Amino acid sequence: MTDRTAAPSTARRLSWIYPDRGTAWLRQAEQDAVWGPYQEIAADLGLEFTVNKPEEVAVDATDPGQPRVWLNGEPVTPADTIFVTSLYSLPHQTQDVCNQVFLFTILERLGFYLPIPPALSYIGEDKLASVVHLAGSPIPLLPTIRVGSGREAMVGRSDAALAALPFPLIVKPAYWGMGLGISVVHNMNDLKGLIGLAGGSDTALVAQPYLKVVREQRVYVVDGQAHTVLYGYKDGYCLAVTKASGGRHERGYSALPPELAGTVAYVAGRLPTPYFTLDFLFDGERHWVSEIELDGAVAFNGIPEQDAAARAIVRARFEAYLAGFARWHAAGDDQPRRRPG
């Protein structure tokens, strides 16, 4: 690549690896609500911001001692580029999962600073993996059962595992997001029918208790500290707090509730990354940890007060990435890794 003895302490490029499988409407919505504001904030910090498909990265390792990397035809090195490598596995992105997984691993081996390390991204994307990784959380994670789907899903191999939770259950894809695919099932026959349908997309499922009364608190965590809390509520009968499923969000400015502080600290200790979001559900009696997102997106909606809060979160996130990049180079971690570990 390049002579790392002159590596800068500040990156000049922030590249989001994102499989683009959206419609024209989705692309415009993402540009207006996420990518456009992100680009402006990055520019304020002196960063060139790009969103790149996995296939826009090419690697030449004909000389293994001096591998070279191109991003959309332009040479890039660990000295100038931060790659954001969060795994995306929504149903329309399934065909891109292998390309992401192996590309992320290669970039890590080549010494690039990845603020979301591949191993953490894989843990954060699968809901059952998150539960196991955070098993010691002071506030417990939602009880979760993971089952596969496919041609033999109806033969009852998962019945013993599913017996651990009483009905009704929330059932959802193990590694989707945005409230997609969430259902409530009231008996085993309904559940098996849903498992059978999930087999059409070879999607694993998780089952969790259905909490009828829910307030959600999304905590944006930057450098291990709670930065901002977003409150969400279910309006009537809906399956998730996301707007697409009938919920509503309100950005909050108060300090983190004291009863959540210990869990935020615990999770931050288990996730060595400068930024993540942590979701809590309150069922009217107690709190539960719902999920983590290593790339918890911050959407801009045109409401000045809320967009100001969103801008503060994203700026703090990018500043944390730059600080992490500087530490990465200071520690000499930008060298290619030719052996595991």
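These legends accompany several close-up views of a predicted model. Residues are numbered from 1 along each chain as its sequence is written, and side-chain values use heavy atoms, with hydrogens and water left out. Because the model is predicted, local features need pLDDT of at least 70 and side-chain atom pairs count only at pLDDT 80 or more, while totals for chains, interfaces and linings use all residues.

**View 1. Confidence along the chain.** The mean pLDDT of the protein chain is 87, where pLDDT is the predictor's confidence in each residue, from 0 to 100. A pLDDT of 70 or more is reached by 88% of the residues. Over residues 1–7 the pLDDT is below 50. That stretch still has 17 contacts in the model beyond near neighbours in sequence, a contact being heavy atoms within 4.5 Å.

**View 2. The buried side of helix 3.** Here we look at helix 3, residues 118–125. Helices (H or I, at least four residues) and strands (E, at least two) are DSSP runs, numbered from the N terminus. P118, L120, S121, G124 and E125 of this helix are buried. Buried means under 20% relative accessible area, exposed means over 50%, and partly exposed is in between (1.4 Å probe, protein chains only). These residues cover an arc of only 160° around the axis, which puts them on the same side of helix 3; the arc is that of the directions from the helix axis to the C-beta atoms. Their packing partners are helix 2 (97–109), helix 4 (127–133), helix 7 (258–270) and strand 15 (287–293).

View 3. R218 belongs to strand 11 (residues 215–222) and D279 to strand 14 (residues 275–282), so the pair ties together parts that are 61 residues apart in sequence. R218 and D279 are both buried. T277 also has its place in strand 14, and at 0% relative accessibility T277 counts as buried. Leaving aside neighbours within four places in sequence, T277 is in contact with R218, V219, Y220, E291, I292, E293 and G296.

View 4. D295 pairs with R317 in a salt bridge whose closest N and O atoms are 2.7 Å apart. D295 lies in the loop between strand 15 and helix 8 (304–330) and R317 in helix 8, so this pair ties together parts that are 22 residues apart in sequence. D295 counts as buried at 11% relative accessibility, and R317 counts as buried at 1%. In the other salt bridge, the side chains of E319 and R315 meet at 3.2 Å, N to O. E319 and R315 both lie in helix 8, four residues apart, about one turn of the helix. E319 is partly exposed, with a relative accessible area of 38%, and R315 is partly exposed at 32%.

**View 5. Aromatic pairs.** A pair of aromatic rings is described by the distance of the centres and the angle of the planes. Rings of Phe, Tyr and Trp (its six-membered ring) pair if their centres lie within 6.5 Å; planes under 30 degrees apart count as stacked, over 60 as edge-to-face and the rest as tilted. The structure holds 15 aromatic pairs. In one, the rings of W35 and F49 have centres 6.1 Å apart and planes at 40°, so the pair is tilted. This pair links distant parts of the chain, with W35 in helix 1 (residues 24–44) and F49 in strand 2 (residues 48–52), 14 residues apart. W35 is buried, with a relative accessible area of 10%, and F49 is buried at 7%. In another, the rings of F83 and F112 have centres 5.1 Å apart and planes at 70°, so the pair is edge-to-face. Both F83 and F112 are buried.

**View 6. The surroundings of P19.** P19 lies in the loop between strand 1 (13–17) and helix 1. At 1% relative accessibility, P19 counts as buried. Not counting residues up to four places away in sequence, P19 touches P54, Y88, Q93, D96 and Q100. P19 and N99 are 80 residues apart in sequence and 9.4 Å apart in space, C-alpha to C-alpha.

Note on methods. Salt bridge = Lys/Arg side-chain N within 4 Å of Asp/Glu carboxyl O.
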